[in-house]
Amino acid sequence: MPELRLHNTLTRRTETFAPRDPAHGVTFYSCGPTVYDDAHIGNFRSFLNADVLRRTLELLGHRVVHVMNITDVGHMTDDANADGGGEDKMAVAGRRIAEAKKAGKLPAGAEIDPADPYAIAEFYAGRFLEDARLLGLKVALEEQARAAKGAPTLMPRPTRCIPQMVEMIGSLVARGHAYQAKDGAVYFDVRSFPAYGRLSGNTLDQLREGAGERIDAANQAVKRHPADFLLWKPDPRHLMRWPSPWGEGYPGWHIECSAMARMLLGDEIDLHSGGEDNIFPHHECEVAQSCCATGHPSFAHTWFHTRHLQVEGEKMSKSKGNFFTARDLFAKGVTPAALRLELVRTHYRSNANFTLQGLQDCQRMVDRWSRAHAQLVARAREDRADSGRADDDGLSRSPGHAPAPSPAVAVDESLPPGPFERALAAFTDALCDDLNVARAVAALNEAVAAKPAEHEAACPVRELGSLLAMDSVLGVLGRNAPVAGAAPAEDPAFVAQVESLIATRAAARAAKDWAASDRVRDQLAALGVTVKDGPQGATWSRAKP
RNA sequence: GGCCGCGUACCCAAGUGGCCUAAGGGGACGGAUUGCAAAUCCGUUAUUUCGUGGGUUCAAAUCCCACCGCGGCCUCCA
């Protein structure tokens, strides 16, 4: 098994990754979305990078137990943990939904009560899982299969894990790491954990109180140290609330992940991922809570953080008009494969720059890989026909699954490795070098561009296996089609108009009246339609915006 | 104010001391193909050049210093 070198935020070094207990698999926790709105492409870059890491581990032969939470507790707009100020995010989402409902813009099937925070969370969680599966997030794909079998979830919701949180907070209080302040809230005592600040570098003496300008002075006064953070907030008026020894209320933001990671993966875990903004305070607080509650000296051994995504060179924001959700792009006809590749091809520790041009670049690459895949499948079939075997050969299996070819198929071991088989080595090597996806993609591109003679000299089944192995990490081959139903349906009258023009043009072409044919093409262009003449006649599509 | 990351061709993006006269993709240009296009295929496309200015070294895109620019975190955020 080749070694994976991975940068660890905790040590600030690139280290050889080794699971603590390889027999039981790699335990991996990823901070997932908060579901009071649709996840945007920046969120997905982080989730997708975690997915590439997981898939790389699997390519290397590791078994991975991957957990990703879906946060459905409505936290506060101003401050999720310290003072509970501002407005509940679920309430904000509810108002947004109520407005959409009034304007008749609610998506089909969205009969939700804007006053019911659980329904809102469920609504957005469902949409997130749809997007995630389309983008090939394996944890979400697996979740669906697990649910069908009745297996326990690996995508936990905090609202269903409150007892585990209450228990953890209780043990923190019992061990003297947490206290109930005069305002009734339970806080973590940061000075009781000397390693606080080790992950982020924000040690207590360096923290500048209130630098984020979101601190409430009255709230600060009841805490023993300004950096103490909320574990439980009693609040009888909160939208979502549960009983606890400290009164009816809701949990702090950080405790959720500590409790769910422990519940599903154990006291210590191998890997923990999230966006770079999670390093502080969220992950720093998780370390403190988990170590203090379990008594273990460490929590996650390797911390994996993805840098933020920019759009067209600028910070993504709604006001700049460069804010995209995955669904927005699917509705424009962007394929999940192209979006996945665009979000994942820049190194995870660099700020990636998402551009529409880049998305097109990726689409072209995926198209070329798909063609190469189809050719290999065809050649492998021919081989099988030659060898007289007709049973299920596994070749029609959709890509993205087990790369090993079925034994029913003719594998010629005497042939030297072909372009894809050689590329797989370089591809794996690049990924093992701190997940160098760009270099891995380059290796694949070089294989695809190899001379035809080199391709013909290789064993197609082995070549296909190598290509599918590479795609088991890239995860694009089965996802290169526009999302059905994502784009608004074409107006039938418009379609009829276009088809009639195309028929007119076909007649002109048959009569070799090129001037008339080109006139019709101009008319179609004016309607925003591009025509392509292929062997099976003309096809048309909406011109790219 | 403190901590951290980045700056490579028209664009995206690898490369972190000699194999760099700098991967890969897109674009552009030339060719094949096509009635013309589109798509596809083939070829060309950074030659003291890697933000700027110094320094270390036999040797620097790669190490050090300064400056300029961009970005992240310092209790909303992936």
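I started at strand β12, where E314 is the bridge partner of V311. The strand and helix names I use are DSSP runs numbered from the N terminus, with helices being H or I of at least four residues and strands E of at least two. I am working on a predicted model, in which local features need pLDDT of at least 70 and side-chain atom pairs count only at pLDDT 80 or more, while totals for chains, interfaces and linings use all residues. Residues are numbered from 1 along each chain as its sequence is written, and side-chain values use heavy atoms, with hydrogens and water left out.

**Entry: the sheet**

I then looked up how β12 is paired, and found that β11 (residues 309-311) and β12 run antiparallel to each other over two bridges; two strands pair if DSSP finds at least two bridges between them. The open sheet they belong to has three strands in the order β12-β11-β13, with mixed pairing. Because β12 (314-315) and β13 (352-354) each have a single partner strand, they stand at the edges, and one side of each has no neighbour in the sheet. Helix α1 (residues 41-59) lies across β11 and β13 and runs at about 145° to β11; axes here are lines fitted to C-alpha atoms, for helices over the stretch in contact (heavy atoms within 4.5 Å), and angles run from 0 to 180 degrees between N-to-C directions.

**Entry: salt bridges**

I searched the whole structure for salt bridges and noted 25, a salt bridge being a side-chain nitrogen of Lys or Arg within 4 Å of a carboxyl oxygen of Asp or Glu. One of them joins D270 and R20 at 3.2 Å, N to O. This pair links D270 in strand β9 (residues 269-275) with R20 in the loop between β2 (13-16) and β3 (26-30), 250 residues apart. I checked burial as well: D270 is buried at a relative accessible area of 2%, whereas R20 is partly exposed at 41%; buried means under 20% relative accessible area, exposed over 50% and partly exposed in between, with a 1.4 Å probe and protein chains only.

R224 and D189 also meet in a salt bridge, at 3.5 Å, N to O. R224 lies in the loop between α6 (217-221) and β7 (229-234) and D189 in the loop between β6 (186-188) and α6, so the pair ties together parts 35 residues apart in sequence. R224 is partly exposed at 49%, while D189 is buried at 10%. I also found the charged end of R224 over the ring of Y179, 3.9 Å from its centre; the rule asks for NZ of Lys or CZ of Arg within 6 Å of the ring centre and within 35 degrees of the ring normal.

**Entry: aromatic pairs**

I counted 13 aromatic pairs, where rings of Phe, Tyr and Trp (its six-membered ring) pair if their centres lie within 6.5 Å, with planes under 30 degrees apart stacked, over 60 edge-to-face and the rest tilted. F47 and F128 form an edge-to-face pair, 5.6 Å centre to centre with 85° between the planes. It links F47 in helix α1 with F128 in helix α3 (residues 117-134), 81 residues apart. F47 is buried at 4%, and F128 is buried at 3%. Y196 and F229 count as stacked because their planes lie at 25°, with ring centres 6.4 Å apart. Ring pairs also link F188, Y196, F229 and F280 into a cluster.

Key
Chains lettered and ligands numbered in written order.
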